[in-house]
Amino acid sequence: MIEFKILKQSKKSRARVGVIKTPHGEVETPAYVGVATLGAVKTLTAEQAEQTGTQLLIANTFHLHEKPGEKIVKAAGGLHEFMQWHRPLMTDSGGFQVFSLGFGKDFGMGKVLKNNERAGAEIKSGQQPKLLRITDDGVHFRSLKDGRKLFLGPKESIRIQQQLGADIMLAFDECPSPIADYAYTKESLVRTHRWAKDCLKAHTSKQSLFGIVQGGRFRDLREESASFIGSLPFGGFAIGGEFGDSKKGMAEMLRWVMKKLPDEKPRHLLGIGYLEDIPRIVREGVDTFDCIVPTHYARHGVAFTSEGKLHIGQARFAADQKPLDKKCACSTCALYSRSYLAHLFRAKEINALQLLTFHNLFFFQAYVKKIREDIKKGKL
RNA sequence: GCGGCUAUGGUGUAGAGGCAACACAGGAGCUUGUGGAGCUCUUAUCACGGGUUCGAUUCCCGUUAGCCGCC
């Protein structure tokens, strides 16, 4: 079980500073959650992840079920022991893979649309993705690695997550595509709500279980979902799916949802977190949020700094003796020059990916820490 | 010195008398509940000078350079 305390509620916005107490320690919120899909922050050891200031990690049920399988993890003593991360941990349910391996793959688009992407196809009621089949009981997947059949529904996801043993589990949901029409999104929401109750029924461990709000870009569905999920005995709540076509749209949609969720429980925003998104979502009352951006971009040579994004592979950094960010207190910035990092990146040395990942995570954590302080000081 | 062969983007290679192709490298972007993947752009007056031809990067001659032989 977890305990959530709000230490300070902003008067300027819905932002709040709080603490989530778990059996593996405390998380100060608002908090950026590091992504460790397969039980590792890619390129880093758990020890290094902790040194970036990361308080909480999120791993993935679908991916760990596919490899190495929950039996292996459980036999190792659970995911904390398996990956040697002794701090708070959560597991995503596999619901996002219903989208990313389904309609997301079919149409080659993510859950956040670019300009004009909505102009293309539309997903209608009853439509199925090519590579998987969504039923009332769950989702039939096909492993992309070896083609074998995998089935994940609410009961299966909770069973697996209980074997993984994270502090916080997420309900199994369907993340609908942003190009799904109203009818599809509504039917999907009905499924997700039924699965939410099934997850609660299947939940027998002492872990905390968070419900997930869906409803796409449709206000009535979002509000209905937040009211319904918010009324169930979850330990906290997550908000998933799309958030409109613009940054303003995202904040507005969060406002619809937050009003209907109980204030006293933690709220996690799934998969959002460009740097510029963070103050916006925190103002709306988001307590935790995970995002692949700092780690994923690091592996593509992008460093986040107080001067903006740096593409470290660019020719202009080849002889640049400055650190990535002279205002950054991380070990990468203390020791290495842009020139060296540019060289490593161009030479495809894996150290480049590791040093950039460490920096980006540290930078994001410092950024969010500053936001916590701003809320405490009444500035945000 | 003589003979032969070869000259196509940064590199390595295709090509055909009429839009110069491919790979890698380079440059600029994209990436939001993670493939370290991928994608989109972009980078060439086809060594130089003549000639034949409606048209030459392609055929012919010369120059230059490189490579291989021989003395």
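The model is predicted, so to speak of a local feature takes pLDDT of at least 70 and side-chain atom pairs count only at pLDDT 80 or more, while totals for chains, interfaces and linings use all residues. Residues are numbered from 1 along each chain as its sequence is written, and chains are lettered from A and ligands numbered from 1 in the order in which they are written.

**The barrel**

Let's start with the sheet. Eight strands close into a barrel in the order 4-5-6-10-11-12-13-14, with parallel pairing. On average, neighbouring strands of this sheet are turned by 30 degrees against each other, direction ignored. Pairing here asks for at least two DSSP bridges between two strands. Helices (H or I, at least four residues) and strands (E, at least two) are DSSP runs numbered from the N terminus. Strand 12 (residues 236–239) and strand 13 (residues 267–269) run parallel and are joined by 3 bridges; Ile-239 has Leu-269 of strand 13 as its bridge partner.

Helix 8 (residues 219–231) lies across strand 11 (208–213) and strand 12, at about 165 degrees to strand 11.

**Two helix pairs**

Two packed helices are described by the angle between their axes and the distance between the axes. Axes are lines fitted to C-alpha atoms, for helices over the stretch in contact, and angles run from 0 to 180 degrees between N-to-C directions.

| Helix pair | Angle | Axis distance |
|---|---|---|
| Helix 13 and helix 14 | about 130 degrees | 7 Å |
| Helix 8 and helix 9 | roughly 30 degrees | within 8 Å |

Helix 13 and helix 14 are therefore oblique, and their crossing is left-handed. Leu-341, Leu-344 and Phe-345 of helix 13 make the contact with Asn-351, Ala-352, Leu-355 and Leu-356 of helix 14 (contact: C-beta atoms, placed from the backbone, within 7 Å). By class, this contact has 6 nonpolar residues, 1 polar and no charged.

Helix 8 and helix 9, in turn, are therefore roughly parallel (angles under 35 degrees; over 145 is roughly antiparallel, 65 to 115 roughly perpendicular, the rest oblique). The contact of helix 8 with helix 9 divides into 4 nonpolar, 2 polar and 4 charged residues.

**Near the RNA**

Around RNA strand B there are 42 residues, of which Cys-175, Gly-240, Gly-271, Ile-292 and Thr-295 come nearest (near: C-beta atom, placed from the backbone, within 6 Å). Helix 5 (95–107), helix 11 (293–298) and helix 14 (350–376) each supply at least two residues of this surface.

Notes:
Contact = placed C-beta atoms within 7 Å. Left-handed = near helix turned anticlockwise from the far one by under 90°. Nonpolar A, V, L, I, M, F, W, Y, C, P; charged D, E, K, R; others polar.
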